[in-house]
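Visitor: I would like to learn how to read a model like this one. Please show me the structure, and then I will ask about its features.

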Amino acid sequence: DEADDDVIKKSYRKLVLRWHPDKNPADRNKAEEMIRLINSAYSVLSNPTKREKYDLQRCSVNRKQRGMTPAKPKVSPKMSVPKEFMLQPMGHPEKFLR
């Protein structure tokens, strides 16, 4: 659940060495598929934004299975800009008279 970056990187390297296609010549197709899955998982877990989304999704699935409502995200991926700011003219106020 709360693995830090070093643990994730160490596990990633261990799995890559285990499933490398050159080390599994008997079942090369399965090894290549496993490497793709491992790389995909590492790309999500090593990126803080993607990891937060993954954790929230996992948490909401667990909560739904227990019959609870999903948790609110800690950080919003999009910044909300106030409407008043967007309506303010920049540079040429006479062109924006209403």
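Visitor: How many aromatic pairs does the count come to?

Guide: First the rule: rings of Phe, Tyr and Trp (its six-membered ring) pair if their centres lie within 6.5 Å; planes under 30 degrees apart count as stacked, over 60 as edge-to-face and the rest as tilted. Here the count comes to one aromatic pair. Tyr 12 and Tyr 42 are stacked, with 4.0 Å centre to centre and 20° between the planes. The pair links distant parts of the chain: Tyr 12 sits in helix α1 (residues 5-19), Tyr 42 in helix α2, and they are 30 residues apart.

Visitor: What should I know about the model and its numbering?

Guide: This is a predicted model: local features need pLDDT of at least 70, side-chain atom pairs count only at pLDDT 80 or more, and totals for chains, interfaces and linings use all residues. Residues are numbered from 1 along each chain as its sequence is written, and side-chain values use heavy atoms, with hydrogens and water left out.

Visitor: Which secondary structure does the protein chain have?

Guide: Helices (H or I, at least four residues) and strands (E, at least two) are DSSP runs, numbered from the N terminus. This chain has four helices and zero strands. Along the sequence, the pattern reads α-α-α-α.

Visitor: At what angle do the axes of α2 and α3 cross?

Guide: Axes are lines fitted to C-alpha atoms, for helices over the stretch in contact, and angles run from 0 to 180 degrees between N-to-C directions. The axes of α2 (residues 28-46) and α3 (residues 48-65) come within 5 Å and cross at roughly 100°. So α2 is roughly perpendicular to α3 (65 to 115 degrees).

Visitor: Which residues meet there?

Guide: Contact means heavy atoms within 4.5 Å. From α2 come Ser 43, Val 44, Leu 45 and Ser 46; from α3 come Pro 48, Lys 50, Arg 51 and Tyr 54.

Visitor: Is Tyr 12 buried, exposed or partly exposed?

Guide: Buried means under 20% relative accessible area, exposed over 50%, partly exposed in between (1.4 Å probe, protein chains only). Tyr 12 is at 22% relative accessibility, so it counts as partly exposed. Glu 32, found in helix α2, counts as partly exposed because its value is 26%. The C-alpha atoms of Glu 32 and Asp 22 are separated by 9.7 Å.

Visitor: What share of the 98 residues is buried?

Guide: Buried residues make up 7% of the chain.

Conventions
Angles under 35 degrees count as roughly parallel, over 145 as roughly antiparallel, 65 to 115 as roughly perpendicular and the rest as oblique.
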